[in-house]
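Q: Could we go through this structure together? I would like to ask about a few residues and contacts.

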Amino acid sequence: MGVLAALPLLSRLAFRNILRNRKRSFLTLLAVSVGIGSSILLAALARGMGEQITRDAIYGMTGHIQVRHASFTDDPSIEHRFVSDEESFESLMQHPLVEHAAQRIRVPAVIMSERESRGITLFGISPQSEKDFSLAGINPNRGRALQDSSDNGLFIGEKLLEKLKTKLGRRVVLTTQDKDNNISDRGFRIVGVFDAELDSTELSYVFTSLQSAQTLTHTPREISEISILTPSLDIPNSFITFTQKLYPNQRITTWKDIEPLIVTLVTIQNGFLLFWFLIVIIAIGLGLMNSLFMSIYERARELGLMQALGMKPGAIVLQTVLESFYLLLIGSLLGIALGVWGVHLLANGIDISAFAEGASIAGISTMIYPALFVADIAMLTVMLLVLGVLGSFYPAWHSSHEHSLTLIHRGMT
Amino acid sequence: MIGQIELQDVTRTYTQGEETIHALHHATLTLEPGEFTTFYGPSGSGKSTALNIIGGLDLPSSGKVLVGDASLTEMTRSERADFRLHHIGFVFQAYNLIPVLSAIENVEFIMQLQGITGDERKERAASVLKQVGLSGMELRRPGELSGGQQQRVAVARAIASNPELVLADEPTANLDSTTSEALIELMLELNETYKSTFIFSTHDPLVMKSAHRLIELKDGQIISDSNKEVA
Ligand SMILES: Nc1ncnc2c1ncn2[C@@H]1O[C@H](COP(=O)(O)OP(=O)(O)OP(=O)(O)O)[C@@H](O)[C@H]1O
Ligand SMILES: [Mg+2]
């Protein structure tokens, strides 16, 4: 009869042997479940951080895709602008994948108070379009938000206000290049102050209305970008084609093009996670192999006896492999439970500001919310089961390849 | 039927350091189907070795072993395992049972490997256990049985699937005379009913008394055979 038909018998033997040496099985299960559980938690934290960074960027000012002048990404100056076409914008807004879309001016500028000056990025925005979408639409911490497309006020971050050593309600001067490469400057009153998650955004983003920015740059009907929010990070090609048709002369860039650092970060993170998973699995696998060798050695007599009674070598191998498979399976399930529980405990986020002082300035949020990815759990478990089972073949094969009489004799002496 | 068993000039040697031990030395022997044969002789004379070689558990260093049409010496390991499973019942001299299985599971073991399913297997195992006087102890693990009781479980397992050949290495060594007698009685009965071939090794006069044929071993050589005069 085939080895497979003996499966119920072999499974029973495997289970009884697991129960037989409880201490060893317990330790193996502990190692497997702690290894898997901690890897899941680690993966979730890393994923959470990656997601947080991506989200901060997308809901910062990036959006999922942007319509830009072909050269704007490389050189974001007023030179690379395009004419706002209301008809195309209307059509864009009608598309079902468009949750929000906003037309903006984005130029480098210098902000100057009576005491300090700083280089910043100036945005000219339409407050209605930015509401519930971007950083430009958030509620002010103090003062008021920008009201309409012709608002002359300035909306800046708390940190910048502090650096400029000025106050809400005071006037500052903005200097930038206009469309003819001439210096253009104007006084603005600070009407509102915002509080962002990241210090870096508070320091570098300054908002005014679209019209007053257009006036400053002498480009009354032109814009630098249209930022679009879609339902997901994965943007269908059909939508990109659609947008390209609306703006045939501009370049359609996705968040991945605009934020290549984030993409790189996530790729590196994936690599590290995979590497870590492999290390954990190899460590577990070596421990498992060691304990299998021990238990096979202890059981030499009965393995010999089974062969003597007519159990085929393949079935002997399978019996041992099954034993480690069950240990791995139970251990993985416990580990998954452990990992998910850990993620649940940390669901309210952990504050890393204590260990990562510079994080906020570097553009990384100090709160991490773990994000559980089923794909990570599946990959980890499958990798462990496959590699663990492969690793068990070696000791198992050993157990079947000694002559049955030798095994019986060894046991007797 | 399993047919004739033939040992043709079988030698089995072990080397231990400088020394070569002849566990069997040029043994030639024919055993007829249905015979009830006993090997006897002093300790170390080669009884277990002879049984192991006949059962395909051990291979001779030289010579041939034929069982019916099959040449054990020319089979692969896996083929010999299969051959043992389907034709031979074994009782070993010691360490006979699988510790993690209960008495009845041990008896069922071979039938389970043979593919005999569920109820039939259980019934047969229970009835053989009863025959060897162990009803009520079906669920005990080997560790919870006395040496003699363990030996009886092993006998029950060897005969449960009515093998054509039963090889028993000192099966009564740990038993009191009453139980021994009952076991021998049972085996003689099986030998009668199913014409199975029985080969024992023993020191036990009770066993020797019941055997059809007695073969004496000394230093790995056959020195007497009740079926014929040995030169
Ligand atoms: N694995 C082994 N390695 C080395 N020598 C062995 C081995 N097995 C058996 N022998 C030797 O072969 C000889 C025959 O052994 P065997 O076990 O066949 O004797 P036996 O007649 O069954 O003895 P007993 O009555 O004590 O069971 C002995 O001298 C023994 O020491
Ligand atoms: Mg012996």
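**Residues and contacts**

Q: Where is B:Thr13 found?
A: This is a predicted model. In it, B:Thr13 belongs to strand E1 of chain B, residues 5-16.

Q: Why does B:Thr13 count as partly exposed?
A: Because its relative accessible area is 22%, and partly exposed covers values between under 20% for buried and over 50% for exposed.

Q: How far apart are B:Thr13 and B:His86 in space?
A: The C-alpha to C-alpha separation is 28 Å, and in sequence B:Thr13 and B:His86 are 73 residues apart.

Q: Changing topic to charges: how many salt bridges are there over all chains?
A: There are 25. One of them joins the side chains of A:Glu225 and A:Arg68, at 3.5 Å from N to O. That pair links distant parts of chain A, with A:Glu225 in strand E11 (residues 225-229) and A:Arg68 in strand E1 (residues 65-68), 157 residues apart.

Q: And are A:Glu225 and A:Arg68 buried or exposed?
A: A:Glu225 is buried, at 0% relative accessible area, and A:Arg68 is buried at 4%.

Q: Which residues are linked with A:Glu225 and A:Arg68 in a network of salt bridges?
A: The network also includes A:Arg104, A:Arg106 and A:Glu130.

Q: What about chain B: with which residue does B:Glu108 form a salt bridge?
A: Its partner is B:Arg121, with the closest N and O atoms 2.8 Å apart. B:Glu108 lies in helix H3 (residues 103-114) and B:Arg121 in helix H4 (residues 118-131) of chain B, so the pair ties together parts 13 residues apart in sequence. Both B:Glu108 and B:Arg121 are buried.

Q: On to rings: how many aromatic pairs are there over all chains?
A: The count is 15. Among them, A:Tyr205 and A:Phe207 are edge-to-face, 6.4 Å centre to centre with 75 degrees between the planes. In chain B, B:Phe36 and B:Phe198 are stacked, at 5.1 Å centre to centre and 5 degrees between the planes.

Q: Where do B:Phe36 and B:Phe198 sit in the chain?
A: B:Phe36 is in strand E3 (residues 36-40) and B:Phe198 in strand E8 (residues 197-201) of chain B, so the partners are 162 residues apart. Both B:Phe36 and B:Phe198 are buried.

Q: Which residues form a cluster with A:Tyr205 and A:Phe207 through ring pairs?
A: A:Phe123, A:Phe155 and A:Phe194 are linked with A:Tyr205 and A:Phe207.

Key:
Residues numbered from 1 in each chain as written. Chains lettered and ligands numbered in written order. Predicted model: local features only at pLDDT ≥ 70, side-chain atom pairs only at ≥ 80, totals over all residues. Heavy atoms only, no water. Phe/Tyr/Trp six-rings, centres within 6.5 Å; stacked < 30°, edge-to-face > 60°. Helix = DSSP H or I, 4+ residues; strand = E, 2+ residues; numbered from the N terminus. Buried < 20%, exposed > 50% of the residue type's maximum accessible area, 1.4 Å probe, protein only. Salt bridge = Lys/Arg side-chain N within 4 Å of Asp/Glu carboxyl O.
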